[in-house]
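Have the structure open while you read.

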Amino acid sequence: MKFYGLFFLFCFLFSFGQIQKKDSLQPNLSISNDKIIQPKTEVTDQDVLEDIQKKNSSQTVALSISPTKAGLYSAVLPGLGQYYNKKYWKIPIVWGGVGTGVGIALWNQKQYNRYREAFVASVNGMPHEFSSNPVYTKEVLGNIQDKAKRQRDYAIAIAGLIYVLNIVDAVVDAHLYEGRNDPDLVLKPTLIYDEFGKQNMKTGLSLSYNF
C-alpha cells in the first residue's frame, strides 16, 4: 500500500510540474507571436523602378524654357538666348567671338578702301597717299588690297560661323534644360537586360531623342 501511495504521489507531482511549465512558457510564446507580425520581403529591381517612376511623375515641372524662343533671341541679339537659358557665363564668350570677328572685318575693310583708292589713282597716273614712297608701286598696291579683302572675307565668315553656333548653342541648351519636361528628349529610368552577365536585369537610365 505504501508503494502505491508513493507511486500516485509521484505521478501527481510530475503532472503538476508539467502544467506549471506549460503555463510559464505561454506568455513568452504570445510575446514572440506579437513581435513577428509580417515576414521581411525582398525588394526587386521592378519595385525600385516603379518607385523611381512614381516619384518622377509626382515632380513634373512645367515647361519654362522654349527652344524656339531661345533660338529667336540669339538670332536677334547674340548672347540673348544664353541669357534666356540662364547660362550667363557663355555671354562674354559669344560677344567676344562675334565682336572680334566683326572688328577684324571692319579694320580690313578700312585697309582695303585705303589701298584701293591708291591703286586706282596709281593706275590712272594720279597722285595718292603713297606717292612719296617708291616702294608702293601699282603691283604692290594691288597685292595689298587683295590681301586686305581676303582677310576681311575670312573675318566675316568666322563671325558668321560664331553667330550660327550661338543660335545652335541656345537651342540645344534649351532642349537639355534640367527643368524642362520635353517629350522629345527623355531621360528616364529603365531596366537593362544583360544576356552575358550573371544577373538577368539591372536598373539604369535611358536617353532617347525624337527628331
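What follows goes from the overall fold to one helix, its surface patch, and the charged pairs.

## Ground rules

This is a predicted model, so to speak of local features we need pLDDT of at least 70, side-chain atom pairs count only at pLDDT 80 or more, and totals for chains, interfaces and linings use all residues. Residues are numbered from 1 along each chain as its sequence is written, and side-chain values use heavy atoms, with hydrogens and water left out.

## The chain as a whole

The protein chain has six helices and two strands, in the order α-α-α-α-α-α-β-β. Helices (H or I, at least four residues) and strands (E, at least two) are DSSP runs, numbered from the N terminus.

Of its 211 residues, 22% are buried. Buried means under 20% relative accessible area, exposed means over 50%, and partly exposed is in between (1.4 Å probe, protein chains only). Take the contacts (heavy atoms within 4.5 Å) between residues at least 6 apart in sequence: 52% of them join residues at least 24 apart.

Pro67, Ala70, Gly71 and Ser74 are the buried residues to look for in α3. Viewed down the helix axis, the buried residues of α3 fall within an arc of 95°, so they line one face. That arc is taken from the directions from the helix axis to the C-beta atoms. These buried residues pack against α4 and α6 (138-175).

Thr68, Leu72 and Val76 are exposed on the other side of α3. For Val76, the relative accessible area is 68%.

## A greasy patch

Leu72, Tyr73, Val76, Leu77, Leu80, Tyr83 and Tyr88 make up a nonpolar surface patch with about 710 Å² of accessible area together. Patches are made of residues with over 30% relative accessible area and no salt bridge; like charges are joined within 9 Å, and nonpolar side chains (Val, Leu, Ile, Met, Phe, Trp, Tyr) within 5 Å. α3 (67-76) and α4 (80-84) each put in at least two residues, and α3 gives the most, with three.

Tyr73, one of the patch residues, is partly exposed at 34% relative accessible area.

## Charged pairs

There are five salt bridges in the model, each being a side-chain nitrogen of Lys or Arg within 4 Å of a carboxyl oxygen of Asp or Glu. What does Lys90 pair with? One partner is Asp169, at 2.9 Å, N to O. Lys90 lies in the loop between α4 and α5 and Asp169 in helix α6, so this pair ties together parts that are 79 residues apart in sequence. Another partner is Asp173, with the closest N and O atoms 2.6 Å apart; Asp173 also sits in helix α6, 83 residues away from Lys90. Lys90 and Asp173 are both buried, while Asp169 is partly exposed at 24%.

Arg152 and Asp153 also meet in a salt bridge, at 3.1 Å, N to O. Separately, salt bridges that share partners join Lys87, Lys90, Asp169 and Asp173 into one network. Lys87 sits in the loop between α4 and α5 (91-123) and is partly exposed, at 27% relative accessibility.

Methods:
Areas by Shrake-Rupley, 256 points an atom, 1.4 Å probe, with all protein chains shown as cover.
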